[in-house]
Amino acid sequence: MTGIFTYRNFPLANTPALNGRVAVVTLLLHGIEKVIIIARSEDRYTTAREEWRHREGISLENDTRAEFVKCDLGDIRDVKAAVAKIKQLTSRIHILICNAGELRLSISIESLRINTSLQNEAISVQNECKCSPQNIERVFATNCIGHQVLTTSLLPLLKNGVTPSSDVRIAVTSSSFHFWCQQLDLDLLFSSSRVKWPALYDGVWRYGRSKLGNILFAKELSRRLLDDQDPASKQIYVNSFFPGNIVTDQWRGWNSYFGGFLGWLIRMVGSWLGQSPEDGAATALYLVASHEVREQDHRGQYFIPIATLCESSATSGDMKLARDLWDWIDAQATGTLGLD
């Protein structure tokens, strides 16, 4: 899916008002009450706020809507600490966007277009093999395990966001790279060395494996919420999405495989063929704000740019694998944090 063939099914201008809602994402939305930003680097958050501050017609001098919570999603203990901080900031959440890499979103506030760039130490196609503090492969730990621990720990607040007139949305960022991983061996998640050869294929495969995990997580969470006896759970809509091929700082990772010049060339071609930051934002905003998600009962589904329902890989539809992965991650979290 490239920018040339983008399905434009949801313009940003159609984002409805979100007055009184609380989001855990990296942006300010239409009339939203509070935005909680989770990232490893507070410097990036400060830079983003400075960008917002200097936009014409926007004043953040006394604006307390944006709150920063420092968190390394690759560390289960750090995620738990972030959850404790979030619970101090709010008693309810209406929107949760799970995105461990760079999230560059453009949104409209009335007639003003704001471009925000806030990065969470992007975890993408990497040439190095590293492990998390829990000795789990770093890309998977950050992109998958951190999101499951974060989301399940915040479920009480997400349920509190449900009212007779308001549902709750969770959007999980995935990628078309999930097609590169056709099987998921849980034992290999502890490997600190390359599994595939050559190095480029291993990096793409490990990233694709984590993106497969994102889709499996969204499907299993959606299933569990529907099976839950709590009526509020059935008003939480969970979906995954591919934002598009958007050239961000993550793309500099190609330099480690191809060198500076070819890395630059790949970024130039990607800028021409890929989606714009606005297009990348639109599917996320559709899933967390559009009334169509509720009206069409979109649950556990996969979307591509823009706001287009798409069939994900056969492996990502394996619900036994989804349950096994959920239980495996739950076991890692319990082993680290205890039974609570």
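Q: Let's start with Tyr207: does Tyr207 count as buried or exposed?
A: This is a predicted model. In it Tyr207 counts as buried, because its relative accessibility is 13% and the cut-off for buried is under 20%.

Q: Which aromatic pair does Tyr207 form?
A: Tyr207 pairs with Phe177. The ring centres are 5.7 Å apart and the planes make an angle of 75°, an edge-to-face arrangement.

Q: Where in the chain do Phe177 and Tyr207 sit?
A: Phe177 is in the loop between β7 (168-173) and α5 (199-227), while Tyr207 is in helix α5. They are 30 residues apart, and the pair links distant parts of the chain.

Q: And Trp180 with Tyr201, why is that pair tilted?
A: The planes of Trp180 and Tyr201 are at 55°, so the pair is tilted; edge-to-face would need over 60 degrees. The ring centres are 6.0 Å apart.

Q: Where are Trp180 and Tyr201 in the chain?
A: Trp180 is in the loop between β7 and α5, and Tyr201 is in helix α5.

Q: How accessible are Trp180 and Tyr201?
A: Trp180 has a relative accessible area of 44%, so it is partly exposed. Tyr201 is at 30%, which means it also counts as partly exposed.

Q: How many aromatic pairs does the structure hold?
A: It holds 6 aromatic pairs. Elsewhere, ring pairs link Phe10, Tyr286 and Phe303 into a cluster.

Q: What about charges over rings, say at Trp205 and Tyr237?
A: Lys196 lies over the face of Trp205, 5.0 Å from the ring centre. At Tyr237 the charged end of Arg299 sits over the ring, at 4.1 Å from its centre.

Q: Back to β7. How many of its residues are buried?
A: In β7, 6 of its 6 residues are buried, and the strand is mostly covered.

Q: Which residues are on which side of β7?
A: Val168, Ile170 and Val172 are on one side, with Arg169, Ala171 and Thr173 on the other. Side chains in a regular strand alternate between the two faces of the sheet. Both faces of β7 are covered.

Q: What does β7 pair with?
A: β7 pairs in the parallel sense with strand β4 (residues 95-98), over 4 bridges. It is also joined by 6 bridges to strand β8 (residues 236-241), again running parallel. Ile97 stands opposite Ala171 in β7, and Val168 stands opposite Ile236 in β8.

Q: Changing topic: how many cavities of 30 Å³ or more are there?
A: The count comes to 2. The second largest cavity has about 30 Å³ of space.

Q: What lines the second largest cavity?
A: Its lining is Cys129, Glu137, Leu188, Ser191, Ser193, Val195, Arg206 and Arg209. By class that is 3 nonpolar, 2 polar and 3 charged.

Q: And the second largest pocket, what is its volume and what lines it?
A: Its volume is about 270 Å³. The lining has 14 residues, and Val149, Thr152, Ser153, Asp330 and Ala333 lie nearest the centre.

Q: Which helices supply the lining of that pocket?
A: α3 (138-153) and α10 (319-337) each supply at least two residues. α10 gives the most, with 6 residues. The lining of this second largest pocket comprises 6 nonpolar, 5 polar and 3 charged residues.

Terms used:
Residues are numbered from 1 along each chain as its sequence is written. This is a predicted model: local features need pLDDT of at least 70, side-chain atom pairs count only at pLDDT 80 or more; totals for chains, interfaces and linings use all residues. Side-chain values use heavy atoms; hydrogens and water are left out. Rings of Phe, Tyr and Trp (its six-membered ring) pair if their centres lie within 6.5 Å; planes under 30 degrees apart count as stacked, over 60 as edge-to-face and the rest as tilted. Buried means under 20% relative accessible area, exposed over 50%, partly exposed in between (1.4 Å probe, protein chains only). A charge sits over a ring if NZ of Lys or CZ of Arg is within 6 Å of the ring centre and within 35 degrees of the ring normal. On a 1 Å grid over the protein atoms alone, a cavity is a set of points where a 1.4 Å probe fits but cannot get out, and a pocket is an open set with protein on both sides within 12 Å along at least five of seven lines; lining residues have an atom within 4 Å of a point. Grid points are joined across faces, edges and corners, and a volume is the space filled by probe spheres set on the points. Ala, Val, Leu, Ile, Met, Phe, Trp, Tyr, Cys and Pro count as nonpolar, Asp, Glu, Lys and Arg as charged, and the others, Gly among them, as polar. Two strands pair if DSSP finds at least two bridges between them.
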